[in-house]
Amino acid sequence: MTQNTTDPIAVLRTLIQCPSVTPDEGGALSALTDMLSPMGFSIERPVFSDEDTPDIENLYARLSGNGPHLMFAGHTDVVPVGDEAAWTNPPFSAAIKDGMMYGRGAVDMKGGIACFVAALARYVEKNGNPSGSISFLITGDEEGPAINGSKKLLEWAAAKGETWDGCILGEPTNPDTMGDMMKIGRRGSLSGTLRINGTQGHTAYPHLADNPTRSLVSLLDALLYPAFDEGTENFQPSNIEVNMLDVVGGAMNVIPAKASAVFNIRFNDTWNVDTLKAEIERRLNAAAKDRKLRPTKNNDTVFDIEWREQPSHVFLTRDDALIDTLGKSVEKITGRFPEQSTTGGTSDARFIKDYCPVIEFGLVGQTMHKVDECVAVDDLETLTRVYEQFIGDWFLAATSKAT
């Protein structure tokens with residue numbers, strides 16, 4: 001075990017100083033290898049490939065023991081820094097000022113990884129190895145296409161015979177203060193592109209043309225209203241947003257030939273991907289018959305919809321023991337039992353949930369992806385203490401349950 005492995009500040013500094021902008025490994029997985037190997041972890045770093053996507057190096061490390069198996073999951077890749085000149089400190093310097101550590105990935109999510117490494121090192125130093133196995137499942141493709149990352153890494157590990165009893169994903173989950181929130185599920189995400197072909201013509205002679213924007217307005221209105229649902233016990237209402245609009249025209253006096261819209265819907269457990277697609281297509285087909293904005297036309301709107309590949313499925317973790325153990329561990333350290341939430345975007349939990357129960361808990365996420373991304377050094381210590389508490393509590397509970 002290296003001298004500073006128990007210090008989350010030192011661990012995070014090392015990780016931030018690795019410029020691992022997706023899809024580049026940037027030295028971050030090598031740094032983790034150097035930290036975990038002296039602790040007795042067996043480490044493999046498979047590289048996965050796919051057509052039209054960059055090759056991605058991943059890391060799977062396991063500290064083996066007899067008993068239950070706890071996974072910690074995360075990613076070392078980070079988003080681009082943007083305008084580097086806008087940063088107060090260089091984005092990969094890990095500078096500390098006024099109690100804050102600055103750097104790309106500080107909260108999303110090298111900070112979470114650093115805290116779990118430090119927590120485990122402290123636990124082992126005080127108690128010896130846990131009564132079971134611990135693994136790190138770390139990808140370099142969470143901020144990218146997410147094709148050659150956690151999904152394939154989980155498949156690869158499962159094919160080798162790996163099984164897990166529970167997982168903590170260290171994404172930043174707290175809105176304002178440590179102990180605010182843990183994520184016990186995620187909404188699904190479905191995206192599509194709606195395309196309408198019209199007939200180009202002169203704006204002074206609309207009877208000789210068919211303006212696709214008139215149809216697009218009607219079809220989008222049908223998607224946006226009424227609401228898809230009112231929410232459920234564990235999820236907020238499903239919500240659809242139009243992300244991009246495009247019209248192929250070319251001049252002020254030209255009726256365009258084509259119009260399109262890209263949309264995304266974040267949906268709750270009222271729906272699954274198939275039923276949601278069917279509802280969207282039902283609404284569009286009904287709206288295609290509406291000629292309110294096309295009074296001179298006697299034909300229905302002809303449209304095409306292309307669904308984006310790899311939609312994210314809605315899920316809810318129902319492992320009360322895992323939720324209660326983590327919640328009580330957080331409460332012991334912070335004095336707060338975290339809210340159980342399903343808000344926010346997607347994460348790699350959408351892949352992990354197919355293999356074991358998963359909960360997300362990490363740092364305060366207010367600066368993720370921003371210029372001057374930063375984390376309070378006090379929060380690093382708090383999260384490390386939470387993780388250390390949880391490791392002991394979870395193995396005690398899981399071992400007791402097994403016997």
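Ring pairs join Phe41, Phe72, Phe116, Phe136 and Tyr387 into a cluster. Rings of Phe, Tyr and Trp (its six-membered ring) pair here if their centres lie within 6.5 Å, with planes under 30 degrees apart called stacked, over 60 edge-to-face and the rest tilted. Keep in mind that this is a predicted model: local features need pLDDT of at least 70, side-chain atom pairs count only at pLDDT 80 or more, and totals for chains, interfaces and linings use all residues. Residues are numbered from 1 along each chain as its sequence is written, and side-chain values use heavy atoms, with hydrogens and water left out.

**Aromatic pairs**

- The structure holds 12 aromatic pairs.
- Phenylalanine 41 and phenylalanine 136 make an edge-to-face pair, because their ring centres are 5.5 Å apart and their planes stand at 70 degrees.
- Phenylalanine 41 sits in the loop between α2 (28-36) and β1 (42-44) and phenylalanine 136 in strand β8 (residues 133-139), so this pair ties together parts 95 residues apart in sequence. Helices (H or I, at least four residues) and strands (E, at least two) are DSSP runs, numbered from the N terminus.
- Phenylalanine 41 is buried at 6% relative accessible area, and phenylalanine 136 is buried at 0%. Buried means under 20%, exposed over 50% and partly exposed in between (1.4 Å probe, protein chains only).
- Phenylalanine 228 and tryptophan 271 also pair edge-to-face, at 6.1 Å centre to centre and 80 degrees between the planes; both are buried.
- Arginine 283 puts its charged end over the ring of phenylalanine 228, 4.0 Å from the centre. The criterion is NZ of Lys or CZ of Arg within 6 Å of the ring centre and within 35 degrees of the ring normal.

**Nonpolar cores**

- The largest nonpolar core has 86 residues, and Phe41, Ile134, Phe136, Ile280, Phe361 and Tyr387 touch the most other members. Such a core is a set of buried Ala, Val, Leu, Ile, Met, Phe, Trp, Tyr and Cys residues joined through side-chain atoms within 4.5 Å.
- Another core, of 18 residues, lies apart from it and includes Tyr60, Ala157, Leu169 and Ala349.
- Leaving out residues up to four places away in sequence, phenylalanine 41 touches Leu36, Ala61, Arg62, Leu63, Leu120, Ile134 and Phe136; contact means heavy atoms within 4.5 Å.

**A three-stranded sheet**

- An open antiparallel sheet runs in the order β6-β7-β21. Two strands pair if DSSP finds at least two bridges between them.
- β6 (96-97) and β21 (374-376) are the edge strands, each with a single partner, so one side of each has no neighbour in the sheet.
- Two bridges link β6 to β7 (residues 100-102), and isoleucine 96 has methionine 101 in β7 as its bridge partner.
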